[in-house]
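User: I have a protein model open and would like to learn how to read its features one at a time. Where should I begin?

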Amino acid sequence: AITLTDEMLGQFADSENGGFFFTANGEEAVVYRQKPIGDDALPAGNAVAIRVLERLGYLLGETRYIKAAEAILEYANGGISEFPQAHVSMIDAAHQLTEASEIIVLRGDAATCATWQRDIERVYAPLRWVIAIDNDADLPNSLAVKKAPTHGARAYICRGMQCTAAIDDWTTLAAEIRNR
């Protein structure tokens, strides 16, 4: 995900005005390089990019991804204001970016993590996502510091760049997610 996102930033980003072009930098000369922000039959590519940048940025604590997402919104602001009905995906992405999704990172044995993830996802929270990470995964530093316990599972509840202390038992975690 990091490699693909960095490639997207390097090959398609408009570093002057924000947003992403539909064609890569350095491509043969084209008459017009599109930078779609409005929805067609599919969600706008720039709206999808915001969601990717937001999730990966907050998961990794990588502010350059968040800044790139904010630059897309700034670029798209005029179009959204003029004709919001054509920019529903962009509005949804803006909401997720400004509200900062709640990310629950689970570490520990696979069976316990799977049970906790299933039970967490039963509680309706549209801006929450849960990621279970295997004990043997090769992780970037920002995730590697979220250590797995020797037995069972451990949860870290994060919003934006801030995370709670580790939670090692289901009862405490269940109470925490129901109170959010």
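Analyst: Begin with the word contact: two residues are in contact when they have heavy atoms within 4.5 Å of each other. This is a predicted model. In it, M90 is in contact with I37, N46, A47, I50, I72, L73, A76 and I80, once its neighbours within four places in sequence are set aside.

User: Which residues have the most contacts inside the largest nonpolar core?

Analyst: A nonpolar core is made of buried residues of the nonpolar kinds, joined through side-chain atoms within 4.5 Å. Here the largest one has 32 residues, and I50, L53, I72, M90 and I103 have the most contacts inside it. At least two residues of this core come from each of α2 (45-60), α3 (63-82), α4 (88-99), β1 (102-108), β2 (128-133) and β3 (153-159). There is also a second, separate core of 12 residues, with L106, I120, I157 and I177 among them.

User: How many helices and strands does the chain have?

Analyst: The chain has seven helices and four strands. Read from the N terminus, the order of elements is α-α-α-α-β-α-β-α-β-β-α. The C-alpha trace spans about 60 × 35 × 25 Å along its principal axes.

User: What share of the residues counts as buried?

Analyst: Buried means under 20% relative accessible area. Of the 180 residues in the chain, 39% count as buried. Contacts can also be sorted by how far apart the partners are in sequence. Among contacts with a separation of 6 or more, 61% are between residues 24 or more positions apart.

User: Let me try single residues. Is Y65 buried or exposed?

Analyst: Y65 is buried because its relative accessible area is 1%, under the 20% cut-off. This residue is in helix α3. Leaving out residues up to four places away in sequence, Y65 touches I2, T5, D6, L9, L53, L56, G57 and L60. Take T5 from that list: T5 and Y65 are 60 residues apart in sequence, while their C-alpha atoms are 8.6 Å apart in space.

User: And what about E70: where is it found?

Analyst: E70 is also found in helix α3. Its relative accessible area is 43%, so E70 is partly exposed, a class that lies between 20% and 50%. From E70 to I177 there are 107 residues in sequence and 28 Å in space, C-alpha to C-alpha.

User: Which residues does S101 touch?

Analyst: Again leave out residues up to four places away in sequence. S101 then touches E54, Q96, L127, W129, C158, R159 and G160. With E54 there is a polar contact, side chain to side chain, at 3.2 Å. S101 lies in the loop between α4 and β1. With a relative accessible area of 1%, S101 is buried.

User: What is the phi of A100 near?

Analyst: Start with the general rule: most residues other than glycine have a negative phi. A100 has a phi near 55°, a positive value in a residue that is not glycine. A100 lies in the loop between α4 and β1. Its relative accessible area is 10%, so A100 counts as buried.

User: Which residues line the second largest pocket?

Analyst: The second largest pocket has a volume of about 160 Å³. Its lining consists of L9, A13, D14, S15, E16, N17, G18, G19, F20, A68, A71 and I72. By class they are six nonpolar, four polar and two charged. Helix α3 gives the most to this lining, with three residues.

Notes: Residues numbered from 1 in each chain as written. Predicted model: local features only at pLDDT ≥ 70, side-chain atom pairs only at ≥ 80, totals over all residues. Heavy atoms only, no water. Buried < 20%, exposed > 50% of the residue type's maximum accessible area, 1.4 Å probe, protein only. 1 Å grid on protein atoms, 1.4 Å probe; cavity = no way out; pocket = protein on both sides within 12 Å on 5 of 7 lines; lining within 4 Å. Points joined across faces, edges and corners; volume = space filled by probe spheres on them. Nonpolar A, V, L, I, M, F, W, Y, C, P; charged D, E, K, R; others polar. Polar contact = N/O pair within 3.5 Å; in protein donor to acceptor, adjacent residues only side chain to side chain.
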